Amino acid sequence: MSRAFRSILISGASGGLGSALARHYAAAGVRLALGGRNTDRLTAVAEACRAAGAEVSLAAVDVTDAPATRHWVLSEDEHSPLDLIIANAGISGETGGAGTETALATRIYTVNVLGVLNTVEPLLPRLISRGSGQIGIVSSIAGFRGLPRGPAYSGSKAALLVHGEAWRVGLVSAGVGVSVICPGYIRTPLTARHRFKLPFLLEPEAAARLTAAGLAANRARIIFPWQIRVASWMFRVLPEPWTRPLVQASRRHVETP
């Protein structure tokens with residue numbers, strides 16, 4: 001059964017997939033609670049969403065700040081009970097430098113993993129009590145297989161993949177859906193810095209449409225584009241030596257946003 005969402009919270013909504021999702025959902029009768037660190041970009045996204053008829057609330061929030069994030073999400077739920085939470089905030093970076101980049105790796109895990117927990121966990125008792133709601137966790141194709149130029153990024157996204165799947169099983173009896181979103185490359189400010197052609201690059205609007213369709217259907221894994229679904233299947237079922245050439249080829253790339 002397809003679900004329609006009217007009260008939506010999105011972290012990391014100031015750019016990339018987060019802002020594209022905000023614009024996608026913006027419509028009359030929809031309330032959007034948008035969080036992000038870049039207030040200028042967040043304000044621009046909010047103005048576009050209001051122009052489309054949505055009611056919009058903004059918060060300059062860092063998801064690594066657990067008390068502030070808890071206050072944000074609970075306040076938004078008090079104002080309008082949330083039926084969709086998209087934990088999208090995340091960062092990337094190369095951490096394959098032979099143990100010389102511990103600080104960056106720690107930051108990646110803190111934002112990508114703890115940031116999701118800080119966003120979602122305060123809301124779980126309320127969703128369970130209401131017996132409804134959908135959670136979208138933004139992982140990555142990098143979560144299916146460790147990539148040599150971004151072990152911390154791959155590891156953080158793998159943690160989200162498994163954590164989200166565990167949540168899905170644990171919450172299904174309460175009527176709460178959980179989807180793990182695993183995109184490939186999306187055209188964002190992060191990917192725009194690269195000087196090489198990114199494989200299977202998607203525009204943010206297309207990525208938002210695919211994500212929204214998967215969330216409405218409560219799919220366990222939302223993996224796109226189709227080439228990435230094939231790659232994820234290969235990483236799961238084929239012996240490691242068979243897929244090693246694909247991983248080694250990724251060394252010339254920075255991991256997905």
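**Contacts, helices and strands**

Modeller: With its neighbours within four places in sequence left aside, Val 116 is in contact with Ala 87, Val 111, Ile 137, Leu 160 and Trp 167. Contact here means heavy atoms within 4.5 Å. The model is a predicted one, in which local features need pLDDT of at least 70 and side-chain atom pairs count only at pLDDT 80 or more, while totals for chains, interfaces and linings use all residues. Residues are numbered from 1 along each chain as its sequence is written, and side-chain values use heavy atoms, with hydrogens and water left out.

Biologist: Why is Val 116 called buried?

Modeller: Buried means under 20% relative accessible area (exposed is over 50%, partly exposed in between, with a 1.4 Å probe and protein chains only). Val 116 has a relative accessible area of 3% and is therefore buried. Its place is in helix α4. Val 116 also lies 8.9 Å from Ser 11, C-alpha to C-alpha, although 105 residues separate the two in sequence.

Biologist: In what order do the strands form the open sheet?

Modeller: The order is β3-β2-β1-β4-β5-β6-β7, with parallel pairing. At the edges stand β3 (55-60) and β7 (221-224), each with a single partner strand, so one side of each has no neighbour in the sheet. From one strand to the next the twist averages 15°.

Biologist: What makes β4 and β5 a pair?

Modeller: Two strands pair if DSSP finds at least two bridges between them. Strand β4 (residues 84-87) and strand β5 (residues 134-138) have four bridges, in the parallel sense; Ala 87 stands opposite Ile 137 in β5. Strand β4 is also joined to β1 by three bridges, again in parallel, and there Ile 8 stands opposite Leu 84 in β4.

Biologist: Which way do the residues of β4 point?

Modeller: In a regular strand the side chains alternate between the two faces of the sheet. In β4, Leu 84 and Ile 86 point one way, Ile 85 and Ala 87 point the other way, and all are buried.

Biologist: Where does helix α4 lie?

Modeller: Helix α4 (residues 102-120) lies across β1 (7-10), β4 and β5, at about 165° to β4. Helix α6 (residues 151-171) lies across β5, β6 (177-183) and β7, at about 160° to β6. Axes are lines fitted to C-alpha atoms, for helices over the stretch in contact, and angles run from 0 to 180 degrees between N-to-C directions.

Biologist: Why is α4 called roughly parallel to α6?

Modeller: Their axes come within 8 Å and cross at roughly 20°. Angles under 35 degrees count as roughly parallel, over 145 as roughly antiparallel, 65 to 115 as roughly perpendicular and the rest as oblique. The crossing angle therefore makes α4 roughly parallel to α6. The contact includes Ile 108, Val 113 and Val 116 of α4, and Leu 160 and Trp 167 of α6. Its residues divide into 13 nonpolar (Ala, Val, Leu, Ile, Met, Phe, Trp, Tyr, Cys and Pro), four polar (the others, Gly among them) and one charged (Asp, Glu, Lys and Arg).

Biologist: Why does Ser 80 count as buried?

Modeller: Its relative accessibility is 17%, and Ser 80 therefore counts as buried. Ser 80 is found in the loop between α3 (66-79) and β4. Apart from neighbours within four places in sequence, Ser 80 is in contact with Ser 7 and Arg 31.

Biologist: What is the phi of Asn 218?

Modeller: Most residues other than glycine have a negative phi. Phi of Asn 218 is near 55°, a positive value in a residue other than glycine. Asn 218 belongs to the loop between α8 and β7, and at a relative accessible area of 19% Asn 218 is buried.

Methods
Helix = DSSP H or I, 4+ residues; strand = E, 2+ residues; numbered from the N terminus.
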